[in-house]
Amino acid sequence: MIVALLIFPSTDIDIFALIYKAFTNLHTTDKEITFYWQPELKDEEGNEVYGVTNFEDNGNITVLISGVLPVLDCAEIFAHELAHIMVGVEEEHNEKWEKAFEDIQNEYMRMLENGEVTENE
């Protein structure tokens with residue numbers, strides 16, 4: 001079962017940095033990962049989407065997140081796309097991906113509960 005990242009800390013905390021830290025606590029990579037906010041994001045067929053992870057031929061990874069969503073929705077999409085990176089290009093939204101997404105959420109919650117936060121500078 002997938003549970004959304006429903007608990008968000010105060011505005012003094014960078015939730016994207018915290019989600020990324022949860023991801024890096026669980027997954028290491030030597031690949032370059034680049035993130036972009038895209039005002040109008042579409043898939044290869046031209047359909048509007050909220051997030052896309054591109055695994056490039058050189059091994060690097062680009063994550064695009066729709067800039068038209070509310071920030072808190074973007075945070076969940078960010079975790080969703082990080083789960084794709086954890087399981088790799090060959091996996092879709094299967095059980096392996098669901099577990100990775102849940103693991104990121106659980107690590108995020110653990111960090112919040114333990115006060116391991118990344119504050120805005």
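Author: The model is a predicted one. In the protein chain, Ile15, Phe16, Ile19, Tyr20, Phe23 and Leu26 of helix H1 are in contact with Val71, Leu72, Cys74, Ala75, Phe78, Ala79, Leu82, Ile85 and Met86 of helix H2. By class, this contact of H1 with H2 comprises 15 nonpolar residues, no polar ones and no charged ones.

Reader: At what angle do the axes of H1 and H2 cross, and within what distance do they come?

Author: H1 covers residues 15-26, and its axis comes within 10 Å of that of H2, crossing at roughly 15°. Angles under 35 degrees count as roughly parallel, so H1 is roughly parallel to H2. The crossing of H1 and H2 is right-handed.

Reader: Before we continue, how many helices and strands does the protein chain have?

Author: The protein chain has 3 helices and 3 strands. Along the sequence, their order is α-β-β-β-α-α. The chain has 121 residues, and 37% of them count as buried.

Reader: What share of the contacts with a separation of 6 or more joins residues 24 or more positions apart?

Author: That share is 65% in the protein chain. As for the surface, the chain exposes about 7400 Å², of which carbon and sulfur atoms supply 49%.

Reader: Let us return to the helices. At what angle do H1 and H3 pack?

Author: H3 spans residues 95-113, and H1 packs with H3 at about 115°, their axes being 9 Å apart. The crossing of H1 and H3 is right-handed. On the H1 side, the contact is made by Ile15, Leu18, Ile19, Lys21, Ala22, Phe23, Asn25 and Leu26, and on the H3 side by Asp103, Ile104, Glu107, Tyr108, Arg110, Met111 and Leu112. The residues of this contact divide into 10 nonpolar, 1 polar and 4 charged.

Reader: How are H2 and H3 placed in relation to each other?

Author: One begins with the axes: those of H2 and H3 come within 8 Å and cross at roughly 125°. H2 and H3 are therefore oblique to each other. Their crossing is right-handed. From H2, the residues in contact are Glu76, Ala79, His80, Leu82, Ala83, His84, Met86 and Val87; from H3, they are Lys96, Trp97, Ala100, Phe101 and Ile104. By class, the contact of H2 with H3 has 9 nonpolar, 2 polar and 2 charged residues.

Reader: Where does His84 lie, and what is its relative accessible area?

Author: His84 lies in helix H2, residues 71-87. Its relative accessible area is 10%, so His84 is buried. Apart from neighbours within four places in sequence, His84 is in contact with Thr53, Phe55, Glu91, Glu92, His93 and Trp97.

Reader: What of Val68: is this residue buried or exposed?

Author: Exposed means over 50%, and at 51% relative accessibility Val68 counts as exposed. Val68 is in the loop between strand E3 (61-66) and H2. Not counting residues up to four places away in sequence, Val68 touches Pro39 and Glu48. Val68 and Glu40 are 28 residues apart in sequence, yet their C-alpha atoms are 7.2 Å apart in space.

Reader: And how does Gln38 count by its relative accessibility?

Author: At 29% relative accessibility, Gln38 counts as partly exposed. Gln38 belongs to strand E1, residues 33-38. Beyond its neighbours within four places in sequence, Gln38 is in contact with Leu64, Ile65, Ser66 and Gly67. The C-alpha atoms of Gln38 and Gly51 are separated by 9.1 Å, and the two residues are 13 apart along the chain.

Methods: Residues are numbered from 1 along each chain as its sequence is written. This is a predicted model: local features need pLDDT of at least 70, side-chain atom pairs count only at pLDDT 80 or more; totals for chains, interfaces and linings use all residues. Side-chain values use heavy atoms; hydrogens and water are left out. Helices (H or I, at least four residues) and strands (E, at least two) are DSSP runs, numbered from the N terminus. Buried means under 20% relative accessible area, exposed over 50%, partly exposed in between (1.4 Å probe, protein chains only). Contact means heavy atoms within 4.5 Å. Accessible areas come from the Shrake-Rupley method with a 1.4 Å probe; for residues, only the protein chains shown count as cover. Axes are lines fitted to C-alpha atoms, for helices over the stretch in contact, and angles run from 0 to 180 degrees between N-to-C directions. Angles under 35 degrees count as roughly parallel, over 145 as roughly antiparallel, 65 to 115 as roughly perpendicular and the rest as oblique. A crossing is left-handed if the near helix is turned anticlockwise from the far one by less than a right angle, and right-handed if clockwise. Ala, Val, Leu, Ile, Met, Phe, Trp, Tyr, Cys and Pro count as nonpolar, Asp, Glu, Lys and Arg as charged, and the others, Gly among them, as polar.
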